[in-house]
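This report treats a protein complex, beginning with the contact between its chains and ending with selected residues. The sequence and the structure are shown below for reference.

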Amino acid sequence: MQFTQQMINGITIGAFYSLVALGYTMVYGVLKLINFAHGDLFMWGAYLGLTGLNILLILLTQLSGWAILPVVVIVMITVALVGVLVERVAYRPLRTAGRLAPVISALGVAFILESLARNIYGASWKTYPNGLTPSGGFTLPGGGRVSTMQVVVVVVSFLLMGALYLFVQRTRIGTAMRAVSLNHDVSRLMGIDVNRIIAIVFLIGPGLGGVAGMIVALYYGSFDFTLGWVFGLKAFIAAILGGIGNIPGAMIGGMLLGIIEAQAAGNISPQWKDVIAYVILILILIFRPTGLLGERVAEKL
Amino acid sequence: MTSFEGLLTRLRKVDSLYWQIGFVLVTILLPLPLGDYHRTVLWRTGIYAILGLSLNIIVGYSGLFQLGHAAFYALGAYTSALLNLHFGIPLLLTLPASVIVAAFFGYLVSRPILHLRGDYLCIVTIAFGEVVRLALVNNIFGLTGGANGLSGIDRPSLFGQALRAPIYHYYLMLIFLLITIVCVRRLENSRLGRAWMYVREDETAAEAMGIDTTRVKLLAFIIGSGWAGLAGSLYTGKLTVISPDLSKFLESVIMFCIVVLGGTGSIPGVFVGTLGMVTLPELSRSLRDWRDAWLGITMVVMMVARPEGLWPSRRVQLEIRGEREEALSST
């Protein structure tokens, strides 16, 4: 009973982690950069969604669940554009500057985004308008309750991830992305516009992150500005767990982390679940830095 | 930038004895005309300078990216507080214990992760820092008092006199700050210091030259962490109340920024960094509200425009801006 219920919760949270982890993993793939700002872009998705829904609420005085759709699209586009802007301003000038400078720059962007959110929206918890998400649910035969919202969330996440996977595997741009993640110079020799591909990665990753932010906010109902850091770090752990740079790895890592965390919260102690996530990260990095699915041998220098 | 570079060159040429005398005189006289508030600001500046200098050993000299330094600061503070609360040991006597505990944890934490490369090391240290903070928040072993932390700690006393006014704490801090500067300078030019920089520049070559890189890196972590523990103990003495906020990620980032922005591996750079990251936000209210953004903007701008920091050590500057080598060596 407890186990199944935590399993259901774990899969739901895991779906969120996977969506956000994709952003980390795609950027790491093409730039070998830990994009610390990704978590905060994701959080901005939640805040922009809130603003969008509130504007609609003023305009229409009443909202149905369908109001979410146009808002999601706008949030996705806005966050994606911010992502591209961040890459242009903070990462592109550092393309040749070694590995540490971009990481510090990314941390800097994360702090700017978080501070903006806190100063614009205030430090208090924000709540989404009521009645937008489907209520109800059903009970599984083995015990354990699944809410309709959980089903929607998981299905939407899987659809997005599936679409991304097909995009990367089947389209020309996707092929170019995979080429860039292997080697910039050779890709350029093959006629790939590397800067354009990186810009596209920074459209897709943050775009997905923005949507994930809104879904998370809808699912939990409320959030504050620490969402970006807490959730972002977890999603990053998920990306490492699956093997950073590896797209299916990010999905599996996210699911696994969600389930482990939910089981730990339910069966060990909710207070220590974050610690368990960090310990997993530390152990993975010490013993298998390439993650579960990573094939790349860890470079030592 | 050239005029700035010229100023820097001129500053570097000032005979170091004048520097030393000037620094000591200024730091002794500076708080005298100020009120308690500004004296406390100066005290905070000094504490962060000590933390910056300690992190400079790890990040600056050895090139190991430690983003969880605040954990050791907190460990030092909690060690002092617990020894004082449970055993009634006078605060100044708990100081060595704080150093030892922080250094020991520095050893425990860094031992398994030394082989990791730059950005991976960064992540692991963040995770360790968070684990320490959460352990403190979760009231581990019922010792740490949870999210509220510990209170009612004695003030440090000297010659039977409890130190209360900020000015006493300032001078107490100053003694340790001056000791720290002397030690760090000696370390920088020692055999170990040169080994650290060799490891930073090229680990493989260092190893080929017979440097035991593991030992050298471990020593950097142990010494740096222990020193942060000292700062933590001083903090406990002044505030008499401590909370897990000491080990917040933000604190680690502030320390990291102090080192990177001032100029990695440079002692004057640490002071420049502390002024920018700690003193200015303390003095200006609007900067305090936007402190995270200020941190962030400086990080991005510095990385893009001047990755070697504002007052870099000559060695790092040469390494980053190789083409200027001639201009620098002719001075």
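## Interface between the chains

How many residues does the contact take from chain B, and how many from chain A? In this predicted model, the contact takes 34 residues from chain B and 34 residues from chain A. On the side of chain B that touches chain A, the elements giving two or more residues are helix H6 (118-137), helix H9 (203-208), helix H11 (249-262) and helix H14 (291-305) of chain B. H6(B) provides the largest share of that side, with 12 residues. Sorted by class, the side of chain B that touches chain A has 24 nonpolar, 4 polar and 6 charged residues.

For the complex, the predictor gives an ipTM of 0.81 and a pTM of 0.84.

## Nonpolar core

In soluble globular proteins, nonpolar side chains tend to be buried together. Here the largest nonpolar core has 189 residues. The residues with the most contacts inside this core are A:Val201, A:Ile237, B:Ala74, B:Ala220 and B:Cys257.

One of these residues, A:Ile237, is in contact with A:Leu257, A:Ala277, A:Ile280 and A:Leu281, leaving aside its neighbours within four places in sequence.

## Chain A: overall form

Chain A has 11 helices and 4 strands. For its 301 residues, a compact globule would have a radius of gyration near 19 Å, and the value for chain A, 19 Å, agrees with this. Taken along the principal axes, the C-alpha atoms of chain A fill a box of roughly 55 × 45 × 35 Å.

Buried residues make up 49% of the 301 residues in chain A. Among the contacts in chain A with a separation of 6 or more, 77% are accounted for by residues 24 or more positions apart.

Which residues of helix H6 (residues 172-182) of chain A are buried? They are A:Ala176, A:Met177, A:Val180 and A:Ser181. These residues lie on the same side of H6(A) because they cover an arc of only 140° around the axis. On the other side of H6(A), A:Arg172 and A:Leu182 are exposed. The cover over the buried residues of H6(A) includes helix H1 (2-31), helix H5 (148-170), helix H7 (184-189) and helix H8 (194-220) of chain A.

A:Lys32 is placed in the loop between H1 and helix H2 (37-60) of chain A. Although A:Lys32 is not a glycine, this residue has a positive phi of about 55°. With 15 other C-beta atoms within 10 Å, A:Lys32 is partly exposed.

## Chain B: overall form and confidence

Chain B has 16 helices and 2 strands. A compact globule with 331 residues would have a radius of gyration near 20 Å, and chain B agrees with this at 20 Å. The C-alpha trace of chain B spans about 60 × 50 × 40 Å along its principal axes. Of the 331 residues in chain B, 48% are buried. Residues 24 or more positions apart account for 77% of the contacts in chain B with a separation of 6 or more.

The average pLDDT of chain B is 82, and 93% of the residues score at least 70. Over residues 323-331 of chain B, however, pLDDT stays under 50, and the model has 5 contacts beyond four places in sequence for this segment. Where pLDDT is low, the predicted coordinates should not be read in detail.

Is B:Leu75 buried or exposed? B:Leu75 lies in helix H4 (residues 70-87) of chain B. This residue has 26 other C-beta atoms within 10 Å and is therefore buried, the cut-off being 20 or more. Not counting residues up to four places away in sequence, B:Leu75 touches B:Val101, B:Ala102, B:Phe105, B:Val132, B:Gly229 and B:Gly232. B:Leu75 and B:Leu136 are 61 residues apart along the chain, and their C-alpha atoms are separated by 9.4 Å.

B:Gly6 is located in helix H1 (residues 2-13) of chain B. B:Gly6 counts as exposed because it has 11 C-beta neighbours inside 10 Å, where the limit is 12 or fewer.

Conventions. Residues are numbered from 1 along each chain as its sequence is written. Chains are lettered from A and ligands numbered from 1 in the order in which they are written. This is a predicted model: local features need pLDDT of at least 70, side-chain atom pairs count only at pLDDT 80 or more; totals for chains, interfaces and linings use all residues. Two residues are in contact if their C-beta atoms, placed from the backbone, lie within 7 Å. Ala, Val, Leu, Ile, Met, Phe, Trp, Tyr, Cys and Pro count as nonpolar, Asp, Glu, Lys and Arg as charged, and the others, Gly among them, as polar. A nonpolar core is a set of buried Ala, Val, Leu, Ile, Met, Phe, Trp, Tyr and Cys residues joined through C-beta atoms within 7 Å. The arc is that of the directions from the helix axis to the C-beta atoms. The radius of gyration is taken over C-alpha atoms; the globule rule is 2.2 Å times the number of residues to the power 0.38. pLDDT is the predictor's confidence in each residue, from 0 to 100.
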